Amino acid sequence: LPTVMILGRPNVGKSALYNRLIRRREALVYNTPDDHVTRDIREGIAKLADLRFNVLDSAGIETEVSSGTILGRTTSMTANVLARTQFAVLIIDVRAGLHPLDLEVGKWLRKHAPQIKPIVVMNKSESIGDSLAEVASEALALGFGEPTAISAETGLGMNALYEVLHPLLEDYMVQTLNDRCTQDDVTSEENLSDEDDSKLPLQLAIVGRPNVGKSTLLNALLEEERVLVGPEAGLTRDAVRVQFEFQGRTVYMVDTAGWLERTERDKGPASLSIMQSRKSLMRAHIVALVLDAEEIIKGQRSMTHSEVVIARRAVEEGRGLVVIVNKMDCLRGKKNSEMYKKIKEAVPIEVQTVIPQITGIPVVFISALEGRGRLQVMNEVIGTYKRWCSRLSTGRLNRWLIKVMSRHSWKDSASQPKIKFFTQVKARPPTFVAFLTGKTQLLESDIRFLTKSLKDDFDLGGTPIRIIQRSVL
Ligand code: GDP
């Protein structure tokens, strides 16, 4: 992905724009003490309509500029960050007009990273009327072209920002791809296998309605009584986070009790906002949704409405999904054997039907109370995590593309776009870009076909697969 750095003197609204662009997703923070100055550079994935890019919030550089004295002394960390940045959004405060420090920032950028292409935005423009044009003409003095008026606080001007960034980023992506495609496949394949993210700690969220046995499962996985278990619904009120090692890997596990309960209780828009506020819990990499076998029999369906909503939300948020059917011990004995068999057959099919957004969702049948199926749960969780971290080289994908193109009946029309190349731009979850000839987009059914083929051919079950479309004209 292209990288865009947000620059500007203090208080122009860098963080506000950053937060708006990443929609408050989790940000990485680098702390590098340097001559008693702590520089923080936050990094996240920005989302602006269909654009995705890395965005850096450069509070640390601001310190350099405002103190004047440190100008010209970039740390190796900053130099490193600058070297992998292609674009900058230089913010000025429209209410203050062009400030001498803005010019310093511009100068600093020219000096230290002349390869970075800056665009200028005038922030805080929500309440400014006439003086906008005036500030706009002042801003030309920066030498970075016409500025774009925005308001990071209110979201005003985000369309205009998109219009400016879109062609720049798209050109960059196409260029990089062209470069990459002409490179030797073998080297890129080797590079990819080097970064095995699946060794990183795994964040697992256990979700489910009250009393399905989440805490019991958690305890079974931990093999010790660390979480309170009881028959009263909602006993474990707040999310509990525990850490354990499984086969040499660190797993952070959160029990999200109280979450689905509330969604269930407060139906309608209120429940949606609760879910939004619980979004942080969705920071999990893998979501394990626990269902209760007894309830399934009573209710005659695998998943209640709220369970479906949560599962879909997890998938939309890009999390891997594993479904766990607990309390299978209740179905032991001769008189239940039919039911036992039926559940095992029906649940995976039903789960897949109500969550068509991802395919190959693993379903595990367990008894948390008896500690049965623990290993299977962890194997599926880790398997899904590895698939979620998958990286496929461009060479491999494009060889695959040639094959799948012939497997699918593409709509035979002049307007039907052709996929020129296909590349993975991101893992966790696997995200691909299909570069298309022509201006039109692929049909819904084409995307479904590609997603399913990727899942089948590269073993990507249980993980969302994203395909971004871009036209190369
Ligand atoms: P939570 O609200 O989802 O965390 O559910 P708990 O773990 O507190 O369990 C609720 C009740 O279900 C408790 O009485 C558990 O003993 C019981 N339970 C949990 N797992 C199982 C299981 O595998 N089989 C049976 N029969 N009961 C279970």
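Among contacts in the chain between residues at least 6 apart in sequence, 71% join residues at least 24 apart; two residues are in contact if their C-beta atoms, placed from the backbone, lie within 7 Å. This is a predicted model, in which local features need pLDDT of at least 70 and side-chain atom pairs count only at pLDDT 80 or more, while totals for chains, interfaces and linings use all residues. Residues are numbered from 1 along each chain as its sequence is written.

**Overview and confidence**

The chain contains 16 helices and 16 strands. These elements are DSSP runs numbered from the N terminus, with helices (H or I) of at least four residues and strands (E) of at least two. Of the 473 residues in the chain, 37% are buried. A residue is buried if 20 or more other C-beta atoms lie within 10 Å of its own, exposed if 12 or fewer, and partly exposed in between, with C-beta atoms placed from the backbone.

The mean pLDDT of the chain is 79, and 75% of its residues reach 70 or more; pLDDT is the predictor's confidence in each residue, from 0 to 100. Two stretches with pLDDT below 50 are residues 25-39, with 26 contacts beyond near neighbours in sequence, and residues 269-274, with five contacts beyond four places in sequence. The model scores ipTM 0.94 and pTM 0.59.

**Nonpolar cores**

A nonpolar core is a set of buried Ala, Val, Leu, Ile, Met, Phe, Trp, Tyr and Cys residues joined through C-beta atoms within 7 Å. The largest such core has 51 residues, of which Leu289 and Ile324 touch the most other members. Strand 11 (residues 286-292) supplies the largest share of this core, six residues. Residues up to four places away in sequence aside, Ile324 touches Ala288, Leu289, Val290, Leu291, Val364, Ile366 and Val377. A second, separate core has 39 residues, including Leu7, Leu21, Ile41 and Ile150.

In helix 1 (residues 14-22), the buried residues include Lys14, Leu17, Tyr18, Arg20 and Leu21. They lie on the same side of helix 1 because they cover an arc of only 165 degrees around the axis, the arc being that of the directions from the helix axis to the C-beta atoms.

Helix 8 (residues 214-222) is largely enclosed by the rest of the structure, because eight of its nine residues are buried. Among them are Lys214, Ser215, Thr216 and Asn219.

| Residue | Position | Phi |
|---|---|---|
| Arg23 | just after helix 1 | about 50 degrees |
| Glu223 | just after helix 8 | about 55 degrees |

Gly373 is found in the loop between strand 13 (363-365) and helix 14 (374-388). Gly373 counts as buried because it has 20 C-beta neighbours inside 10 Å. Apart from neighbours within four places in sequence, Gly373 is in contact with Val364, Phe365, Ile366 and Ser367. The C-alpha atoms of Gly373 and Ala220 are separated by 9.7 Å, although these residues are 153 residues apart along the chain.

Three strands form an open sheet in the order 14-15-16, with mixed pairing; two strands pair if DSSP finds at least two bridges between them. Strand 14 (418-426) and strand 16 (466-472) are the edge strands, each pairing on one side only. Strand 15 (residues 431-437) and strand 16 run parallel and are joined by seven bridges. Within this pair, Thr437 has Val472 of strand 16 as its bridge partner.
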